[in-house]
Amino acid sequence: MSRQSRAQRRGAGGIMGPQSALTDFLASHNISANQIRLDAEARRRAAQNNPDGSGEQQDEEATATVTENATATATADTQYDPASTEQSGRGQRNAGAVSKTEKQKKEQKVIEKIKASKKFQKRKRQSGDSDDEDDIARAIFQERSAPLPGQMENCALCKKRFTVTPYSRNAPDGGLLCSRCGRDLDPDDGAPKKKAKRVNAGAGKRRQIQSKILDGDYHPGAKSLMTLCIETLAKNIHLAEDLNNLAPQVIDKIARKLSKQRLLNSTTLSLFLQPSAHDVFIYDAAKLTGDDFIRIFQVVPGLRKLKVCNAIHFKDDIMDYLLSRHINLEAFHLHGANLLSESKWREFLEKKGQSLQSLKVYWTDKHFGDEALSLLATACPNLNRLKVSHNQKVSGEGVMAIAKVKSLQHISLDLRLDVHPDIYVSLLIDIGAGLETFSLTRVPDTDNTVLDAIHNNCQSLQKLRITDSEIMTDEGFVRLFTNWENKPLLFIDFQKCRNLDQAEPRSNPDNIGLCSNGFKALMAHSGKKLVKLNVHACRHISAAAFEEAFSEDKVYPDLVKLEISFCEEVTDFIVGSIFRSCPNLRELNVFGCMKVKDVKVPQGKLLVGMPTAIGMVVDGDD
Amino acid sequence: MATNSDGARNTKYVTMISGDGFEFVVLREACLLSPTIKGMLRGSFSEAKTGRCVFPEITGPVLEKVVEYLYYYHKNVNVPYVPDMEIPVELCLVLLEAADYFQLDKQMT
């Protein structure tokens, strides 16, 4: 399926306005959300006009009660202020006399009070400095001035007026308590609530485990002590002051955990910046500002490896600051820095490229392009690892420029512009001999010439990935793996290298994609050392080929992860044979293998994606 | 507990002693989960001979928690759904250090 047709299909669905699912549901039952809202507003208005609800003061003038009410609820939440409560009590009686200007004055007073409150300070901190103070205060004021349903009552302890809610507590000697007194009455109130939550969490446990299995991150038995500690720490990160005594790898684990929970911000960043450190890995910089990045360079002068994910605020001025410091990075991994301009990239590579050994640029769509790549050959003599992922600007010209960087050992490209296979061939001819990693993601147009070039030029390859090719043929794969001088590979990923003929999906007369013979040749060449194999959706590999590759006398001792999802011919017998031939296999993915129905899974192994109701299987029977 | 040369090698229990003098008698099998202790109990170290491991830089409460963890892990080997052990917040950071020291950072299979 081409990208274009996918886009067209999405467009054809029509654009929906902002309407909630609930509204849709109600509409289908002939209930109008708008009508409900109008009713609610009418009720609220009625409540405003009659805040006591007792019916005694129904005839009372309503003009002033709005502000009365606001004052009462505002003070109830913040501080006990006898003057204002008294005033509001009196005001209620003389409501008719309160003029409009006085009302505004009162409102102003409440807003002043809100500004001094904790809630306001907190909200201000959250929203940053951009918002106007008055706007925030007014927003809180309006929140509070909306009268709650229910009666007004005097608190049994402090005698203050307050609104009764379902949560109001009873006083020991009868009567009700305002929220403040209720809270003071029982300070341990928080604890039982927490416990109740934990009991509920048990229900989601199974789902959580299933999700972990899918992430390839599941181990039976207890978590490690370190993981438990880190999880506790992440929950209470606001209590931590510094992590000085911990080992760097522990700190890195904490950083990962925090980022996963999106807890990394300006405050928690300080925990990870240590003057003596050489590495700073930030896995989620979405909440960091430009100043925070500058702080990294200030606090860690000996920085050598920098990795920043979601680095939205990594802009030109930060690069300027980095250029002005005596920091020579050996590894620079930048993810999502879309605002960094091409000229700054050039400046960086020219000035700091000398020491650079590893450069990885992810999801910086427009500004990192051919020009930057063409500088690598001259500016970065020590570069051995290059990764350009999800890039919309790099074209064939850039790939040709990479071929001039003789020191490269690891290349990983995931480009959006089409690059002719000939360019990859010339790249492999130029620097293929030294390559250990060669990864091309989503390359629909690459053909057998690339495979032949790998066969002819690469001798030290360990990791090979070519995905989504729609042209390569089985014969090409056979040629690649037969009599190849390269040692057995450790990692192979040929995901979705298959025939894509919409009209006749089953027949594959030209043997396009990785089919039976290619798979057999692959296993014969690399099986001995292979650790991870992905042949996802290579659906023309026959059952016979699988049975031959995993026959009784074959053993693949190192294979840990095997992905054969959507290989249609896989049967129960093949899955059993795989478990027999791969003693150290941990995970086998069989999504969409409809012939897999009932398999015995040996202890400690994972079979993921059974197409039956059983779902994922983790078995410990045998 | 045996204290003479080879007598302690195959005892069922090992004594762990904290820096401030607390002693914990722990199932040897549970102790061996920690590569650090496993190393101490091997070969001709005095710990291996006497079956007594002293950890001068670890305090009683922390060692208690570590021992609790060792038993918790031992009890739950290959159990699919294991509830998390409660870690007191105030011990969190020291326990992290201890976990690093005892090399309890990987999931054993």
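Here are some notes on this two-chain model, which is predicted, taken point by point.

1. Starting with chain A as a whole: its secondary structure comes to 25 helices and 16 strands. Of its 622 residues, 45% are buried. If you take the contacts in chain A with a separation of 6 or more, 67% of them join residues 24 or more positions apart.

2. Next, the nonpolar packing. The largest nonpolar core has 171 residues, and the ones with the most contacts inside it are F314(A), F332(A), L359(A), I454(A) and F494(A). Have a look at chain B here too, as its helix α4 (residues 60–75) gives the most to this core, with 8 residues. Another core lies apart from it, with 7 residues, including C155(A), F162(A), V164(A) and C181(A). As general background, nonpolar side chains in soluble globular proteins tend to be buried together.

3. I454(A) is a handy place to look inside the 171-residue core, being listed with those that have the most contacts there. Which residues does I454(A) touch, not counting those up to four places away in sequence? They are L428(A), F438(A), L461(A), L464(A), I466(A), L480(A) and W484(A).

4. K360(A) deserves a click. This lysine is found in strand β6 of chain A, which covers residues 358–362. Is K360(A) buried or exposed? K360(A) counts as buried because its relative accessibility is 17%, and the cut-off for buried is under 20%. Leaving out residues up to four places away in sequence, K360(A) touches F332(A), H333(A), L334(A), R385(A) and K387(A). F332(A) also turned up above, among the residues with the most contacts in the largest nonpolar core. V388(A) sits 28 residues from K360(A) in sequence, with 6.0 Å between their C-alpha atoms.

5. E342(A) is another charged residue to check. It lies in helix α17 (residues 342–352) of chain A, and with a relative accessible area of 13% it is buried. Its side chain reaches the backbone nitrogen of G369(A) at 3.5 Å. Setting aside neighbours within four places in sequence, the contacts of E342(A) are H367(A), G369(A), E371(A), A372(A) and K393(A).

6. A372(A) leads on to helix α18 of chain A (residues 370–379), where the buried residues are D370(A), A372(A), L373(A), L375(A), L376(A) and A379(A). These buried residues pack against α17, β6, β7 (385–391) and α19 (396–402) of chain A. Two of those elements have come up already: α17 holds E342(A), and β6 holds K360(A).

7. Now the interface. In chain A, 31 residues are in contact with 27 residues of chain B. Between them the two chains bury about 2600 Å², with 66% of it on carbon and sulfur atoms. How many salt bridges does the rule find across the interface of chain A and chain B? The count is 1. In a salt bridge, the side chains of K223(A) and D84(B) meet at 2.9 Å, N to O. For polar contacts, the count between chain A and chain B is 5 residue pairs, both residues at pLDDT 80 or more.

8. Which elements give two or more residues to the side of chain A that touches chain B? These are α11 (205–214), α12 (225–235) and α13 (248–260) of chain A. The largest share comes from α12(A), with 8 residues. By class, this side of chain A has 16 nonpolar, 8 polar and 7 charged residues.

Notes: Residues are numbered from 1 along each chain as its sequence is written. Chains are lettered from A and ligands numbered from 1 in the order in which they are written. This is a predicted model: local features need pLDDT of at least 70, side-chain atom pairs count only at pLDDT 80 or more; totals for chains, interfaces and linings use all residues. Side-chain values use heavy atoms; hydrogens and water are left out. Helices (H or I, at least four residues) and strands (E, at least two) are DSSP runs, numbered from the N terminus. Buried means under 20% relative accessible area, exposed over 50%, partly exposed in between (1.4 Å probe, protein chains only). Contact means heavy atoms within 4.5 Å. A nonpolar core is a set of buried Ala, Val, Leu, Ile, Met, Phe, Trp, Tyr and Cys residues joined through side-chain atoms within 4.5 Å. Buried area is the accessible area (1.4 Å probe) that two parts lose on being put together, summed over both. A salt bridge is a side-chain nitrogen of Lys or Arg within 4 Å of a carboxyl oxygen of Asp or Glu. A polar contact is a pair of N or O atoms within 3.5 Å; within protein, one must be able to donate a hydrogen and the other to accept it, and residues adjacent in sequence count only if both atoms are side-chain atoms. Ala, Val, Leu, Ile, Met, Phe, Trp, Tyr, Cys and Pro count as nonpolar, Asp, Glu, Lys and Arg as charged, and the others, Gly among them, as polar.
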